[in-house]
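Hi,

Here's the structure I promised to pass on. Have a look, and my notes on helix packing and salt bridges follow below.

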Amino acid sequence: MAVEHPLTQPGEQTRIHNIGYRDYDGPRLGRAYARRSLYSQSLRGAYGLGRSVKSKILPMLLFVVMCVPALIMVAVAVATKAKDLPVDYTRYAVLLQAVIGLYVASQGPQAVSRDLRFKTVPLYFSRPIETADYVRAKYAALASALFILTAAPLVVLYVGALLAKLDFADQSKGFGQGLASVALLSLLFAGIALVISAVTPRRGFGIAAVIAALTISYGAVSTVQAIAFERSSGGAVPWLGLFSPITLIDGVQTAFLGATSAFPGQEGPSTAQGFVYLAVVLGLIAGCYGLLMRRYRKAGL
């Protein structure tokens, strides 16, 4: 209950103060600017830029871990005057898939979980930005961050190969094939990580779920492939690769980018099977985008 001050007159209890609010008369930059700003902010956040020092440690450390093996390979190639690099460009991301998985598992939830946890998604949609703008900006930002992570060591390998005076045409072709491979990998892994992360506002749960989805599926598929190969069922090995994200990328680059398959016995998919792999990868990317759209239409209500 309010207590009236004994010295206050009845007519002086309520006052309206002019605190200087003014209408905005400048240009309205619209949805495109808002979308670009959200993309830029999310991309910077994927590497901890503009955030605390603690937030920078893991993404920067993983970036260094991705690049150090490439630097070592280049140093060895230059010192020994090798005629080729120790690892093909298309093979590098497959070898370091654990680092890539850890990065996307840590940054996927970071991109979307906080907005869900603190219920700020409706605030985004109260402005000119729409659901599609939000989803596209977040998807593009995480995919770009992944592409930077996976393409940087390929650039190191390419520059080192040129310094070692290896064949320019061969190295340029391999470098282009490697970039195409990691671009597809970035889109696929970013979509999977965002869909899983958008299910729960708890960042810790999102990290564990993304790691499980990537590592368990790869471990299970690799084990079953090895068993099939040992039991002389090599024809089933390429088809089993359809059930894991990393083996999907391996199959596509084996069929179309001249890569050597990591499947048991190097029995990668044929060109015809490669079209099935590519269709599955593109379908998964489109499916992840569609699921994100549905999730944020509900979250924005």
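For what follows, a salt bridge is a side-chain nitrogen of Lys or Arg within 4 Å of a carboxyl oxygen of Asp or Glu. Keep in mind that this is a predicted model.

Searching the whole structure turns up four salt bridges. One of them pairs glutamate 130 with arginine 31, with the closest N and O atoms 3.8 Å apart. Glutamate 130 sits in the loop between α5 and α6 and arginine 31 in helix α1, so this pair ties together parts that are 99 residues apart in sequence. Glutamate 130 is partly exposed at 42% relative accessibility, and arginine 31 is partly exposed at 34%.

Next, arginine 35 bridges to aspartate 133, closest N and O atoms 2.5 Å apart. That links helix α1 to helix α6 across 98 residues. Arginine 35 is partly exposed at 28%, while aspartate 133 is buried at 0%.

Then there's aspartate 115 with lysine 138, at 3.8 Å between the closest N and O atoms. Aspartate 115 is buried at 10%, and so is lysine 138 at 8%. As for shared partners, Arg31, Arg35, Glu130 and Asp133 are joined into one network.

On packing: the axes of α4 (97-117) and α7 (168-197) come within 8 Å and cross at roughly 45°, so the two helices are oblique to each other. The crossing is right-handed. Residues in the contact include Ile100, Val104 and Leu116 of α4 and Leu185 and Phe189 of α7. By type, the contact residues split into 11 nonpolar, three polar and no charged.

Cheers

How values were computed
Residues numbered from 1 in each chain as written. Predicted model: local features only at pLDDT ≥ 70, side-chain atom pairs only at ≥ 80, totals over all residues. Heavy atoms only, no water. Axes fitted to C-alpha atoms, helices over the stretch in contact; angles between N-to-C directions. Helix = DSSP H or I, 4+ residues; strand = E, 2+ residues; numbered from the N terminus. Parallel < 35°, antiparallel > 145°, perpendicular 65-115°, else oblique. Left-handed = near helix turned anticlockwise from the far one by under 90°. Contact = heavy atoms within 4.5 Å. Nonpolar A, V, L, I, M, F, W, Y, C, P; charged D, E, K, R; others polar. Buried < 20%, exposed > 50% of the residue type's maximum accessible area, 1.4 Å probe, protein only.
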